[in-house]
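Welcome! Please take a moment to look over the sequence and the 3D view below, and then we will walk through them together.

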Amino acid sequence: WTGKQGLLQVQYDQQTQKWHAYMPVTVQAPPKPIRHAISAYVDIGVRYPITAGHDGCTKAIAYNGAPMLSDWWYWNRKIAKASSDLKKCNGRDSSKRLSKLYRVRSRRHKDAINKMCYDYVQRCVKSGVSEIVVGDLTGILENNDKGAKTNTMTHNFWAHAYTVERLRCTAENFGISTRLADEYKTSSVCPWCGSGHVIKRGRLLKCLQCRREAHRDVCGMLNIGFVHGNFREGDINRVMTHPEVVSDFW
């Protein structure tokens, strides 16, 4: 490397029984790429962790979270079995093996989110995006009880705060700013007529007033763009409301 060395830290990992060295290096920042006055809008979800569009786009994109969720459930089952066996054998609640399983699950999940955020920011760079507006989900899980399985997904699997932070850090590295925006009821209001008289079926939202139907997460993204960005009703078409699903980021 070339640059000014920081403080070297050497740490011992009890679980892997290995030593690790960490040292920051200050390097010269690369020149900032040319950006246009284009904003991108992101709806953070569980099944589709990122659903996004930007000014002037003709089709929204949605990142498929099914592979991530499937992998997370796989390691959840391994953790549950190891915990049960540990309790039956010696009445203990923790062990090195159990700690390693928790670490593997966490690292695999975060790695998938990191790659998803990097892939999306790269798309923003190619489109000349200068700002990413992300729906603010602060407090969304308070008093939100929807059953054991759904609660496990929303409270444990759904790392929305980590996703937003990774988006912010990754975008910053490419000279793109990030802004949080209130997304209260954005996924339950019709983006065409603003009516809250809607029916939700799976991932679709149907408005009972104007009779239009669209992907729920795209509705959330569009409403964020209407309220906090430059989207107009004329920007919506059938192609836009049925997003391109991205599954090959991981």
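How many helices and strands does the secondary structure of the chain come to? The chain has 6 helices and 13 strands, where helices (H or I, at least four residues) and strands (E, at least two) are DSSP runs numbered from the N terminus. This is a predicted model, in which local features need pLDDT of at least 70 and side-chain atom pairs count only at pLDDT 80 or more, while totals for chains, interfaces and linings use all residues. Residues are numbered from 1 along each chain as its sequence is written, and side-chain values use heavy atoms, with hydrogens and water left out.

**The whole chain**

- The C-alpha trace spans about 60 × 55 × 30 Å along its principal axes.
- Of the 250 residues in the chain, 40% are buried; buried means under 20% relative accessible area, exposed over 50%, and partly exposed in between (1.4 Å probe, protein chains only).
- Take the contacts (heavy atoms within 4.5 Å) between residues at least 6 apart in sequence: 60% of them join residues at least 24 apart.

- An open sheet of 6 strands runs in the order 9-8-5-6-7-13, and its pairing is mixed; two strands pair if DSSP finds at least two bridges between them.
- Strand 9 (177-182) and strand 13 (244-246) are the edge strands, each pairing on one side only.
- From one strand to the next, the twist averages 25°; for such angles, axes are lines fitted to C-alpha atoms (for helices over the stretch in contact), and angles run from 0 to 180 degrees between N-to-C directions.
- Strand 5 and strand 8 run parallel and are joined by 5 bridges, and Val42 stands opposite Val134 in strand 8.
- Helix 2 packs on this sheet, touching strand 5, strand 6, strand 7, strand 8 and strand 13, and its direction makes about 160° with that of strand 7.
- Helix 5 lies across strand 5, strand 6, strand 8 and strand 9, running at about 140° to strand 5.

- Strand 11 (residues 204-207) is joined to strand 12 by 3 bridges, and Leu204 stands opposite His215 in strand 12.

**A look at helix 2**

- How far apart are the end C-alpha atoms of helix 2? They are 47 Å apart, which agrees with the 46 Å that the 32 residues of helix 2 (residues 96-127) should span at 1.5 Å a residue; the expected span is 1.5 Å times one less than the number of residues.
- Several residues of helix 2 are buried, including Leu98, Leu101, His109, Ile113 and Tyr120.
- Just after helix 2, Gly128 takes a positive phi of about 75°.

**The nonpolar cores**

- In soluble globular proteins, nonpolar side chains tend to be buried together.
- A nonpolar core is a set of buried Ala, Val, Leu, Ile, Met, Phe, Trp, Tyr and Cys residues joined through side-chain atoms within 4.5 Å.
- The largest core has 31 residues, and among those touching the most other members are Val42, Ile50, Tyr120 and Leu167.
- Helix 2 gives the largest share of this core, 7 residues.
- Beyond its neighbours within four places in sequence, Tyr120 is in contact with Ala40, Val42, Ile50, Ala52, Ile61, Tyr63, Ile132 and Leu167.
- A second, separate core of 19 residues includes Ala181, Val218, Cys219 and Met240.

**Two aspartates to find**

- Is Asp55 buried or exposed? Asp55 counts as buried because its relative accessibility is 16%.
- Asp55 sits in the loop between strand 6 (50-54) and strand 7 (61-63).
- The side chain of Asp55 makes a polar contact with that of Asn230 (3.0 Å); a polar contact is a pair of N or O atoms within 3.5 Å, and within protein one must be able to donate a hydrogen and the other to accept it, while residues adjacent in sequence count only if both atoms are side-chain atoms.
- Asp217, in helix 5, counts as buried at 5% relative accessibility.
- Not counting residues up to four places away in sequence, Asp217 touches Asp43, Tyr48, Thr51 and Arg203.
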